[in-house]
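Dear colleague,

I am passing on a structure that is new to you, and would ask you to look it over before reading my notes.

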Amino acid sequence: MRTCFMCKDTIDNTVSNSRLREIKKAAKDFPGSKKEEMNQIKVLTLKFANKKICEYCYLKEMAFLTTVMRIKAMKDKEASS
Ligand SMILES: [Zn+2]
């Protein structure tokens, strides 16, 4: 049994291998963005695809990172207007 690196819960195998392959492929296709969050999302996605973290932690972290990105984008917009 694998345990999640983040919450120490056991990782269930509800995610199909074909979906993991898709996720991994999507992570590799990420543009080489300079954005710190983009890189973190890529790393996070690979961790999930390699079953280092559970789906719950993956989705939780993903939601956090996308929120941070959205807030930063909003601030950039404010600063430029
Ligand atoms: Zn977890």
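Below is what I found in it.

Please keep in mind that this is a predicted model, in which local features need pLDDT of at least 70 and side-chain atom pairs count only at pLDDT 80 or more, while totals for chains, interfaces and linings use all residues. Residues are numbered from 1 along each chain as its sequence is written.

The protein chain has three helices and zero strands, where helices (H or I, at least four residues) and strands (E, at least two) are DSSP runs numbered from the N terminus. Its radius of gyration, taken over C-alpha atoms, is 15 Å, well over the 12 Å that the globule rule (2.2 Å times the number of residues to the power 0.38) gives for 81 residues, so the chain is more spread out than a compact globule. Along its principal axes, the C-alpha trace spans about 50 × 25 × 15 Å.

Helix H2 (residues 36-49) packs against H3 at an angle of about 170 degrees between N-to-C directions, with the axes, which are lines fitted to C-alpha atoms over the stretch in contact, 10 Å apart. That makes H2 roughly antiparallel to H3 (angles over 145 degrees).

Best regards

Terms used: Axes fitted to C-alpha atoms, helices over the stretch in contact; angles between N-to-C directions. Parallel < 35°, antiparallel > 145°, perpendicular 65-115°, else oblique.
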